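Here is a short tour of how the chains relate to each other and which charged side chains pair up. Have a look at the model first, then read on.

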There are 2 protein chains.
Amino acid sequence: MEESLHAGDVAVVDADGRLVASAGDPDIEVLARSAMKPLQASVSLSLAPLGFPPAEVAVMCASHNAEPVHVQAVRSLLARGGVPEAALRCPAMRPWDEATAAVAPERLPINSDCSGKHGGMLSACRAQGWPLETYRDPGHPLQQGVLKAVLLAAGVASVRVGVDGCGVPVHGMPLRAVARIYARLAGSDALDGLRPHVRRAVDAMVAEPYMVAGRNRVDTVVMQVAPGLVVKGGAEGLMCAASPERGIGVAVKVRDGSPRASGPALIHALAVLGLLAEDQLGSIAAFARPPVLGGGETVGELVADFSLGWS
Amino acid sequence: MEESLHAGDVAVVDADGRLVASAGDPDIEVLARSAMKPLQASVSLSLAPLGFPPAEVAVMCASHNAEPVHVQAVRSLLARGGVPEAALRCPAMRPWDEATAAVAPERLPINSDCSGKHGGMLSACRAQGWPLETYRDPGHPLQQGVLKAVLLAAGVASVRVGVDGCGVPVHGMPLRAVARIYARLAGSDALDGLRPHVRRAVDAMVAEPYMVAGRNRVDTVVMQVAPGLVVKGGAEGLMCAASPERGIGVAVKVRDGSPRASGPALIHALAVLGLLAEDQLGSIAAFARPPVLGGGETVGELVADFSLGWS
C-alpha cells in the first residue's frame, strides 16, 4: 500500500541553458535557497583573497550539521577573515547532528547550518572595508555582488528576491535556471571573472564532502561515493548536482518541500542520467531507498519512481 | 510567491456513514495511524476495569510529548495496571518536547509518544490474564479485539493490516471510514458494548486536552480553545476531529504525509464547518496560519486554502 506521495519536478540543463532532460515542470518557479551557497561562497572568495584552505572553502558552501569538525572550520575561517564570531547574524540554532546536540545542545549562531556561508560573507566585507553589521541587507554591496553573480550564472534577466531562513536574500527563478547555475558551476566560460573562484569552491566541495553537510546527509554521501560530482541541497525540498565531466546541472524540487523525498529523487535522477552506477547505488541504498520502520523493523520504504523525458 | 504546496483530502461524515462534506478524494485509502488511539484505548478500558482517572485515560489516547506530566501519568497507569515499565514494547525515543529533551534526552520506551497506548494495552492484557510479551502481535487476543472494534466503528467489512511505527497493528481503510470512526466516537448506538468505554475515552480527552499531546501541539490547542471537540492527529499527515454536539467526524489526510500541513488544514475544515468561530481562530492563529521565518522575522505563512463540497 502506498501511504504517502510526493510530487516533484526535475530539470537537467547544460551550461548554455539547453534542457537535456526533465520530469514534471522544469519551469516551475522556486526559491534557490541553500543550493545557492557554492555561488555565494564564490563571490565571497572573489572579494576576500585570504588563502582559505579547502575545508574552510567547503564549509562556506555548506549546510553543515554543526559537528565539531564543522564548527572548528567556521571558527578558523572567521579568524582568517579577521571577523569576530559575534558578527554572525545567522539565527542561533541547535546543531542539526543529533549526536552533537546530545552533548552540546546550545543554540548559537555558529551552530546554524549557514554559519560558514555567513563567515565567508563577513570575511569578504572585512576585506573590502564594507560594514559588517548590515551584510544581510539586499542593498549591501556584498548582496548586490551576489545578485549580479546569480543573474550571470542563471542566465536570467531578473529574479525575485526574498528573505532566506538565515536572513540573507534568497533568489526566486525557474527550476531550469537553478539547474543552469549548476551546469555553470560544473565549468563555463560564461562566468567571466568569477570562474576561478567558482572552480575553487567546487574543487573544495569535491575534496571535502564531509564539510558540505556531514553525518548521515545525502549531499555528503553522494559526493563520497561518486568522486567529482558536486551535490548540494536546499530548504523546501531542493536538491542539486553538477557533473563537471558531463557539463550538466541537475535540479530537483519536491513540490511539498519535503527533505525526505528530495534526496532519493536526486539519486534516482543521477542514476537515470548514468552518473551513479549500480555498485554506487548499492553502497548508498539507505539514502536511495530509505526504509520505513515499524516497531524498529523495516516495514516499507521510500521509493523514487519517475522517468526523465529527453529533450 | 508560493514556494511549496501540499495536496490533501478531507472527509466529513455522520455516524451512519453519510458523507456530509468533502474536499479532494474522501475515498483515498489511508493508514489510520495514531488517529486510532481513542478507539484502541476504549478497547483497553473495556478489558481493564481499574478506575483509571481521566488524565491516565487521556494519555492512553495520546501521542504525547513525553513532558514530565505525560511520563508521570503513564507511570501511574502502569502501576494501576500492575504492569512493569520494562514490559513496554514501544520504541525507545527522545521526548518530542524540545524543552524536556534538552534536560532529559534519554531514549526510553516511556518517552515514546505511544507509551500511554501501550500502557493501556498491557493493563488490559494483565487484567485478562493474557501474555504481556506478545501484545503487539496481530494474532494476540488484544489486537483481535482492537480489530473487531475498528471494523465495527468504521463500518467496513475488512481493513488492511500493517505495522505502525510503534510496532502494533495499524489499519488501512478509506479516509471516509476514518471520519466515520470519529463520528461514532462523537456518540453512536452502533458501538454496542464498547459505547460506555468510548464515552469515557472521549470525555477524558475533552477534560484533559494537555494529556493528549502537550506543549505547542495542534490537538491540544484546538481542544483547549473549543471545549467539546475531540481532536487527534496521526503520522503521515492525518488529523481527525469529532463533534459530539453535531454528531460528525472529520478526517484530513495530507497526501505527502507532512505534519506541518495537516494542522492548518484541519483547523480550516473545522472553521468552514462552523465548529471554530472567528475569536477562537484568532486565539490559535499561530496554528491556523503558521508563520514562515527568515532571519527570525516573519516573511511568509502557511495557509490552508480549500473549500468543502457539500453532499
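Copies are superposed by least squares on the C-alpha atoms of residues with pLDDT of at least 70 in both. In this predicted model, a rotation of 180 degrees with 0.0 Å of shift along its axis brings chain B onto chain A, with an RMSD of 0.0 Å. That is the relation of a two-fold axis. The copies meet through the same surface, because 97% of the interface residues of chain B are also interface residues in chain A.

Now to the charged pairs: over all chains, the structure holds 32 salt bridges. Three of them, within chain A, are listed here.

| A:D27 | A:R176 | 3.4 Å |

Where do A:D164 and A:R33 sit? A:D164 is in the loop between β4 (160-163) and β5 (169-174) of chain A, and A:R33 is in the loop between β3 and α1 (37-47), 131 residues apart. Both A:D164 and A:R33 are buried.

The salt bridge of A:D27 and A:R176 ties together parts that are 149 residues apart in sequence, because A:D27 lies in the loop between β2 (19-23) and β3 (29-31) and A:R176 in helix α7 (residues 175-185) of chain A. A:D27 counts as partly exposed at 42% relative accessibility, and A:R176 is partly exposed at 28%.

Finally, helix α10 (residues 218-225) of chain A has seven of its eight residues buried, so it is largely enclosed by the rest of the structure. Among the buried residues are A:V218, A:D219 and A:M223.

Technical notes. Residues numbered from 1 in each chain as written. Chains lettered and ligands numbered in written order. Predicted model: local features only at pLDDT ≥ 70, side-chain atom pairs only at ≥ 80, totals over all residues. Heavy atoms only, no water. Buried < 20%, exposed > 50% of the residue type's maximum accessible area, 1.4 Å probe, protein only. Helix = DSSP H or I, 4+ residues; strand = E, 2+ residues; numbered from the N terminus. Contact = heavy atoms within 4.5 Å. Salt bridge = Lys/Arg side-chain N within 4 Å of Asp/Glu carboxyl O.
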